[in-house]
Amino acid sequence: MSSMKTGGRLVGRALATLALGLSAVAIAASPAPAAPAPAGTGGDSSALACIPWREWRGEGGGSGDICDGARAAGTIYDAKADGRCPFIKFYYAGGGHKSSPSVGPAGTSKWIEVWADPGRYFNGSASVEWRSC
């Protein structure tokens with residue numbers, strides 16, 4: 001009978017060791033917890049991407065990137081001495097737009113940076129427009 005107790009203890013230890021080993025394997029195989037998303041992104045990593053924009057007509061235009069849906073940056077150029085100065089309109093998701101500063105006179109370029117208003121996001125589209133200068 002003592003051999004059965006010893007055998008029972010060995011089986012019990014073997015089962016406990018097996019269960020502990022399987023737990024360790026399950027923990028090691030489980031995916032790591034996701035890193036917290038940067039503030040303001042809502043956890044959508046695609047919101048961190050930059051989308052290029054390029055708008056050009058014979059009188060001028062510009063190009064650059066819209067990043068995170070919140071910031072548009074690039075260079076605009078006035079190509080024609082016509083008394084009008086180009087600027088870029090960046091369109092919001094849900095309607096509306098925000099405009100860049102204009103550039104002029106002819107032959108000049110300007111670095112621009114336009115931030116979306118709080119709670120608004122650019123949808124990735126832009127257009128070149130003109131003002132009197």
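In the predicted model considered here, Tyr-91 stands opposite His-97, a residue of strand β5, and the bridge partner of Phe-90 in that strand is Lys-98. The model is a predicted one, in which local features need pLDDT of at least 70 and side-chain atom pairs count only at pLDDT 80 or more, whereas totals for chains, interfaces and linings use all residues. Residues are numbered from 1 along each chain as its sequence is written, and side-chain values use heavy atoms, with hydrogens and water left out.

Strands are DSSP runs of type E with at least two residues, numbered from the N terminus, and two of them are taken to pair if DSSP finds at least two bridges between them. By this criterion, β4 is joined to β5 (residues 97-99) by three bridges, the two strands running antiparallel. The hairpin of β4 and β5 has four residues between the strands, and in this hairpin Gly-94 takes a positive phi near 90°.

Strand β4 (residues 84-92) also pairs with β7 (residues 122-132), again in the antiparallel sense, over eight bridges; Phe-87 here stands opposite Glu-129 of β7.

Together these strands form an open sheet of three strands in the order β5-β4-β7, with antiparallel pairing. Strands β5 and β7 are the edge strands, each pairing on one side only. On average, and with direction ignored, neighbouring strands of this sheet are turned by 25° against each other, where the axes are lines fitted to C-alpha atoms and angles run from 0 to 180 degrees between N-to-C directions.
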